[in-house]
Amino acid sequence: MRTVRLAFSPTPAHVRTARLVAVATARNAGVAEGVLDEIRLAVGEACSRAVSLHVQHKRSELIEVEFTDGPRFEVVVRDSAPADQALHADLAVTSPFVAGPAFAETESEEEVAAGVGLALLTGLVDDVTVAPARDRDGTIVRMSWEAAAR
Amino acid sequence: MELSLTTRTVGRHTVLAVGGEIDVYTAPQLRGELIRLADAGYAHIVVDMDRVDFLDSTGLGVLVGALKRARAAGGSVELACSQPKILKIFNVTGLEKVFGIHPTVDEAVAAG
């Protein structure tokens, strides 16, 4: 098990950095090339969600991302937003699947982005969980992918 | 790594060709350009996405916002894209039912 840790201020520009590190560490962990695009997108969505929560709740703490290789390539994204509010917001977003074509008429741009972000996370990653942090404010997104033996 | 945005006119349509990564960082640029076109009276837009390397939920939100504004003004937004990795994002999110997505700009223009 080898680990890479990244911590970044909650600004959109650094989400791109997190995506680059995600692809580099996933490739190094032996994840199949065909899955790298999904990892790039899923890690980007998890980090965008964290940045948006920090901005919304005026939290300046760093967002922490941890990449670990092993039988599975694991990614953990930790934010510092109030967990009850963050999880409530996750549950309240409108799913594009439920809304259907009317989605574009009824939801604001931000609501669309939030709903689509969660749809991408759950749609692209077989193994993803969002849970409250135990020891402090914040939620934790955990994702993992099969890391083929090299 | 910045977004490339170029416009050209095809008949009554304005084709906005986007290149690069549309994400939480660059989406405001795309939103600004789409609003500028709408404000300037270009009601029928085709977004050519064939040179888009990456598209996230923020970018999709901006495209949905443009569609909403266009429809309210009696206009249209059609998408042109043939890249499987980008098309997959529309499928996974259910947004392929929200947008008209066409393999080529010509087909998007014909539909819009």
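Helices here are DSSP runs of H or I of at least four residues, strands are runs of E of at least two, and both are numbered from the N terminus. The model is predicted: local features need pLDDT of at least 70, side-chain atom pairs count only at pLDDT 80 or more, and totals for chains, interfaces and linings use all residues. Residues are numbered from 1 along each chain as its sequence is written, and chains are lettered from A and ligands numbered from 1 in the order in which they are written.

Start in chain A, in the loop between α2 (36-56) and β2 (63-68), where A:K58 sits. A:K58 is not a glycine, yet its phi is positive, about 50°. Most residues other than glycine have a negative phi. Is A:K58 buried or exposed? A residue is buried if 20 or more other C-beta atoms lie within 10 Å of its own, exposed if 12 or fewer, and partly exposed in between, with C-beta atoms placed from the backbone. A:K58 has 8 other C-beta atoms within 10 Å, so A:K58 is exposed.

Now turn to α6(A). Of its 16 residues, 12 are buried. Among them are A:V112, A:G115, A:L118 and A:L121. The expected span of a helix is 1.5 Å times one less than its number of residues. For the 16 residues of α6(A) that gives 22 Å, and the end C-alpha atoms are 22 Å apart, which agrees.

Next comes the interface. Residues are in contact if their C-beta atoms, placed from the backbone, lie within 7 Å. By that rule, 27 residues of chain A touch 20 residues of chain B. On the chain A side, α6(A) gives the largest share, 10 residues. This side divides into 16 nonpolar, 5 polar and 6 charged residues. Nonpolar means Ala, Val, Leu, Ile, Met, Phe, Trp, Tyr, Cys and Pro; charged means Asp, Glu, Lys and Arg; the others, Gly among them, are polar.

In chain B, follow strand β2 (residues 13-22). Strands pair if DSSP finds at least two bridges between them. β2(B) pairs antiparallel with β1 (residues 4-10) over 7 bridges. One bridge joins B:T6 to B:A17. The two strands form a hairpin with 2 residues between them, and B:G11 in the turn has a positive phi of about 60°. β2(B) also runs parallel to β3 (residues 44-55), joined by 8 bridges. There B:G19 stands opposite B:R51. β2(B) is largely enclosed by the rest of the structure, because 7 of its 10 residues are buried.

How values were computed:
Two residues are in contact if their C-beta atoms, placed from the backbone, lie within 7 Å.
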